[in-house]
Amino acid sequence: MKKRLFTPGPTPVPENVMLRMAAPIIHHRNPEFMEILTRVHEDLKYLFRTTQPVVVLSCSGTGGMEASISSLFKQGDKVITVNAGKFGERWGQLVRIFTGNCVEESVAWGSAIQPERLAELLKENPDAKGVCLTHSETSTGTAADIQALSRVVREQSDALVLVDGITAVGAHEFHFDDWGVDICITGSQKGLMMPPGLALVAISERAQDIINAHKGIPQFYLSLKKALKSHAGDDTPFTPAVSLVIGLDEALQMVRAEGIENIWTRHENLARACREGCNALGMKLFSNSPSFAVTPVWLPEGLEWSAFNKALKNKNGITVAAGQDDYKGKIFRVSHLGYYDELDMLTVIGGLERALKEVNFDFEIGAGVSAVQKAFLGS
Ligand SMILES: *Cc1c(COP(=O)(O)O)cnc(C)c1O
């Protein structure tokens, strides 16, 4: 059986990326590798829409979040975080551990924080040193308006704007420089179509100044100060994940070839078609501000997650993501982040139909696939 991955990280890896990574290992201080890293550094600027450095860390996305908090703040610094799902919650956990002074705003799952609410929070906390946001909250498939939120922070305060862009970079329009963002993180196994293992962190000029003067929180390995210093010479402070950096070079060539604006549009279109396919099958959508990376869907009344998932996986080779926390067994999430095209959406909705049939859910066969076709082909 052919296996097909529809999860928002890890995401499918293109064949040419896999082939590049399969080549014999080279030494990271060789000119050959330095040349690759130099190109990766340039192409990452293109991806994030920035002229500022984007550092490559050998860790998953969370390592990039941790490095940012521990490199920018000191014990006692007040930082505002927004908990609208698992990953916004993670910002809060990190801030509580490293500064011990977190103002956490809770937002209902499936919704995003509104700029007006953030403005109030900043008014109530004029001493906040940072605001941590999540562009695409993967646990709820919900996108926040980072452009508007960042503008509010920049207009009302000197707080730094930190964005978890882990499932947004490469899926949603994003302009690091123009939107006044100070830190944006992504991970290799999301929109970048790579295996897990790299975090990429874009760092603004004022964030660089703070990081370089920083001697607050004890840290050693996950240090943006060290990473920035090496980055200036297109180098890394420690042995990088050489094969992954080489794969990233290949993935970034694909990004360049398609064009970042086209990639954003493709994700928006795939997400819309996926939503229309699910709607046509009589399934309700979970998010009121849908992400272009992942579509969360309510499990229909009476449909048991484990039976449905088994039908998807064992009979059809399709892996989707389950709901998390309170929504375990209540929702499931279909990814279209990274290496996906229009025919992939026909496949996954067709797969959902086959699994629904298997568990005797009542729907019109072909309705979902037909809606996806219409979304792409019109009429
Ligand atoms: C996947 C993800 C993370 C965590 O990344 P890891 O690579 O698992 O450490 C953080 N935030 C968001 C929005 C994610 O989707």
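## Basis of the description

Axes are lines fitted to C-alpha atoms, for helices over the stretch in contact, and angles run from 0 to 180 degrees between N-to-C directions. Helices (H or I, at least four residues) and strands (E, at least two) are DSSP runs, numbered from the N terminus.

This is a predicted model, in which local features need pLDDT of at least 70 and side-chain atom pairs count only at pLDDT 80 or more, while totals for chains, interfaces and linings use all residues. Residues are numbered from 1 along each chain as its sequence is written, and side-chain values use heavy atoms, with hydrogens and water left out.

## Packing of α10 and α12

Two packed helices are described by the angle between their axes and the distance between the axes. Helix α10 spans residues 260-280, and helix α12 spans residues 342-358. Their axes lie 10 Å apart, at an angle of about 20 degrees. That makes α10 roughly parallel to α12 (angles under 35 degrees count as roughly parallel, over 145 as roughly antiparallel, 65 to 115 as roughly perpendicular and the rest as oblique). The crossing of α10 and α12 is right-handed, meaning that the near helix is turned clockwise from the far one by less than a right angle.

On the α10 side, the contact (heavy atoms within 4.5 Å) is made by Leu270, Cys274, Gly277 and Cys278. Helix α12 contributes Glu342, Met345, Ile349 and Leu352. By class, the contact of α10 with α12 has 6 nonpolar, 1 polar and 1 charged residues. Here Ala, Val, Leu, Ile, Met, Phe, Trp, Tyr, Cys and Pro count as nonpolar, Asp, Glu, Lys and Arg as charged, and the others, Gly among them, as polar.

## Gln373 in α13

Gln373 sits in helix α13. Its relative accessible area is 33%, so Gln373 is partly exposed (buried means under 20%, exposed over 50%, partly exposed in between, with a 1.4 Å probe and protein chains only). Gln373 and Met345 are 28 residues apart in sequence, yet their C-alpha atoms are 9.1 Å apart in space. Leaving aside neighbours within four places in sequence, Gln373 is in contact with Leu346 and Gly378.

## Thr142 in β7

Thr142 belongs to strand β7, residues 142-143. With a relative accessible area of 3%, Thr142 is buried. Its side chain makes a polar contact with the side chain of Ser287 at 2.8 Å. The side chain of Thr142 also reaches the backbone oxygen of Thr140, at 3.0 Å. A polar contact is a pair of N or O atoms within 3.5 Å; within protein, one must be able to donate a hydrogen and the other to accept it, and residues adjacent in sequence count only if both atoms are side-chain atoms.

Beyond neighbours within four places in sequence, the contacts of Thr142 include Gly110, His135, Glu137, Ser289 and Ser291.

## Arg20 in α1

Helix α1, residues 15-22, holds Arg20. Arg20 is partly exposed, at 26% relative accessible area. Its contacts, leaving aside neighbours within four places in sequence, are Ile36, Ile246, Asp249 and Glu250.

## Backbone exceptions

Most residues other than glycine have a negative phi, and most peptide bonds are trans. Gly9 and Pro10 are joined by a cis peptide bond, with omega about -5 degrees. Pro10 lies in the loop between β1 (4-6) and α1.

Asp325 has a positive phi, near 50 degrees. Asp325 is in the loop between β12 (318-322) and β13 (331-335) and is partly exposed, at 39%. Asn360 also has a positive phi, about 60 degrees. Asn360 is in the loop between α12 and α13 (367-377) and is exposed, at 69% relative accessibility.
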